[in-house]
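Subject: Structure for you to look at

Hello,

Here is the structure I said I would pass on. Please open it first, then read my notes below it.

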Amino acid sequence: MTNATVRPLDRAAALVPGLALATGIAVVATVIGRLLPVVGAPVSGVLIGAVVGTIRRPGALFRPGISTASRTVLQSAVVLLGAQLSLAQVARAGVESLPVMLGTLAVCLLAAWGIGRALGVVGNLRTLIGVGTGICGASAIAAVTPVIGAVSIEVAYAVSTIFLFNVAAVVVFPVVGHALGMSQHAFGLFAGTAVNDTSSVVAAASTYGPGAADFAVVVKLVRTLMIIPVVLVLAWLVGRRTSPGTAPADGVALDGPTVPSPTPARWSPRRVFRLVPWFLIGFVLVAAVNSTGLVPGPAHPVIAAVAAFLITVALSAIGLSTDVAGFRRAGLRPVLLGGSLWIVVSVSSLGLQALTGSI
């Protein structure tokens with residue numbers, strides 16, 4: 001057996017312990033997620049992983065697999081998320097939903113930048129909380145994490161912060177909807193644009209009624225498409241920040257040292273293409289294939305389940321590598337940011353519905 005054969009096998013074998021540990025935690029988290037859908041498997045995975053890692057921090061034997069799970073597995077899951085979407089769903093969501101959807105996203109991202117800076121929340125963490133609140137919770141955080149190079153503690157804190165307000169939305173939103181006398185359609189638009197995690201969207205809308213649930217799911221799926229432009233912009237910003245001889249524009253929500261230069265680097269189409277993460281290209285390609293109808297209907301729930309499980313595996317690995325002491329040092333500011341964004345997005349969704357006559 002040659003060295004060329006042995007080395008790949010050795011590398012693969014080195015991944016097994018960490019991948020097995022993260023997968024085992026993900027299985028337990030998936031069971032919990034089914035019993036408690038409001039909590040969900042991804043959040044359960046990151047919390048269980050953090051507890052296990054706190055009780056006994058994984059040694060060197062587990063680190064390669066944990067690292068692979070938190071990166072490559074996570075990126076693969078993002079690719080599979082594209083199979084849940086088609087370009088036709090954007091049209092079916094209707095002209096009515098798009099202004100509210102895009103408006104709440106813009107307001108959320110601006111608020112994340114402004115409020116996050118005011119609270120002193122570091123750039124990567126406020127970026128994760130902003131996209132998680134504005135787009136689709138753990139899935140958006142999963143997509144953005146490898147692009148901005150966020151560390152495990154930032155991901156864990158962002159996911160946990162978002163979880164708190166997912167639970168609050170499931171409890172509070174139906175009460176608000178009934179108090180305002182919202183129709184099933186209007187509440188579905190409200191839940192689909194103002195609740196970030198899909199399971200919580202379904203939980204809140206189903207509590208209100210089946211009509212609300214049906215429309216909320218469509219809006220939420222279309223909203224997930226916003227991962228694409230947001231990740232592209234972040235990839236471009238990171239590229240500007242890390243390119244020699246360039247400096248980011250003032251106010252970029254990605255902290256770190258830069259090398260100022262009066263002469264910006266030239267941006268060729270090839271260079272821009274290289275900024276696009278491979279998993280985002282895969283996401284778009286899978287969504288395009290799904291739009292053609294080549295993905296059979298019965299395969300959709302299976303693919304969705306696999307993607308959800310892979311995200312749970314990745315977040316379990318992130319939990320395992322979480323520095324709990326650093327988590328405590330982060331303090332209450334990220335929670336205040338998450339709560340502020342939750343309120344801002346909820347109010348802007350209702351306000352935009354009122355302006356567009358949806359309520």
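Helix α5 (residues 123–148) and helix α15 (residues 333–356) cross at roughly 30°, and their axes come within 10 Å. Helices here are DSSP runs of H or I, at least four residues long, numbered from the N terminus; axes are lines fitted to C-alpha atoms over the stretch in contact, with angles from 0 to 180 degrees between N-to-C directions. α5 and α15 therefore count as roughly parallel (angles under 35 degrees). Their crossing is right-handed, that is, the near helix is turned clockwise from the far one by less than a right angle. On the α5 side the contact (heavy atoms within 4.5 Å) includes Leu-125, Arg-126 and Ile-129, and on the α15 side Leu-337 and Trp-342 are among the residues. The contact divides into seven nonpolar residues, three polar and one charged.

This is a predicted model, in which local features need pLDDT of at least 70 and side-chain atom pairs count only at pLDDT 80 or more, while totals for chains, interfaces and linings use all residues. Residues are numbered from 1 along each chain as its sequence is written, and side-chain values use heavy atoms, without hydrogens and water.

A second pair is helix α7 (residues 184–194) and helix α9 (residues 210–224), with axes 7 Å apart at an angle of about 35°. The crossing of α7 and α9 is also right-handed. Phe-187 and Leu-189 of α7 take part in the contact, as do Phe-215 and Val-219 of α9.

Last, Gln-75 lies in helix α3 (residues 63–81). Gln-75 touches Pro-146, Trp-278 and Phe-279, leaving aside residues up to four places away in sequence.

Regards

Note on methods
Helices (H or I, at least four residues) and strands (E, at least two) are DSSP runs, numbered from the N terminus. Angles under 35 degrees count as roughly parallel, over 145 as roughly antiparallel, 65 to 115 as roughly perpendicular and the rest as oblique. Ala, Val, Leu, Ile, Met, Phe, Trp, Tyr, Cys and Pro count as nonpolar, Asp, Glu, Lys and Arg as charged, and the others, Gly among them, as polar.
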